[in-house]
Amino acid sequence: QVQLVESGGGSVQAGGSLRLSCVASGYTYSRYYVGWFRQAPGKEREGVAAISPGVGCTNYADSVKGRFTISQDNAKNTLYLQMNTLKPEDTAMYYCAAGYGSTCPLQGLWYPYWGQGTQVTVSS
């Protein structure tokens, strides 16, 4: 049973930083790709960043390139999203997700496993 548990969300002023964490269990970490997604009220879900330990790829949405960094700690089975220079438009519920394979997709349909989400609110 694959389980993903996010933490680290909160409220921050524009220009600030947050680090999200996602503890994963129930699968062999190196054989999966994992990603971060977000969804704001009234908007479609957006792929933010993805990483594949097996092939070493990373992938970022254009809206977060240069500001967000995805990383992982295999020993802790934990995925991170470091978010810097946050903007009000980054406000959303953030989810981590996992899928089996060797790519770094940003499309949610490729991820069968999802966490419950953590809220990020950025005020101007």
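My entries on the sheet and the salt bridges follow.

**Ground rules.** I am reading a predicted model, where local features need pLDDT of at least 70, side-chain atom pairs count only at pLDDT 80 or more, and totals for chains, interfaces and linings use all residues. Residues are numbered from 1 along each chain as its sequence is written, and side-chain values use heavy atoms, with hydrogens and water left out.

**Sheet.** I found four strands in an open, antiparallel sheet, ordered S1-S3-S8-S7. Strands here are DSSP runs (E, at least two residues), numbered from the N terminus, and two of them pair if DSSP finds at least two bridges between them. S1 (3-7) and S7 (68-73) are the edge strands with a single partner each, so one side of each lacks a neighbour in the sheet. I then checked S3 (residues 18-25) against S8 (residues 78-83): six bridges, antiparallel. Val23 has Thr78 in S8 as its bridge partner.

**Salt bridges.** My search of the whole structure gave four (a side-chain nitrogen of Lys or Arg within 4 Å of a carboxyl oxygen of Asp or Glu). One of them joins Arg38 and Asp90 at 2.9 Å, N to O. This pair links distant parts of the chain, 52 residues apart, with Arg38 in strand S4 (residues 32-39) and Asp90 in the loop between S8 and strand S9 (92-100).

Asp90 also meets Arg67, at 2.8 Å, N to O. Shared partners join Arg38, Glu46, Arg67 and Asp90 into one network.

**Burial.** Is Asp90 buried or exposed? I noted it as buried, at 1% relative accessible area, where buried means under 20%, exposed over 50% and partly exposed in between (1.4 Å probe, protein chains only). Arg38 is buried too, at 7%.
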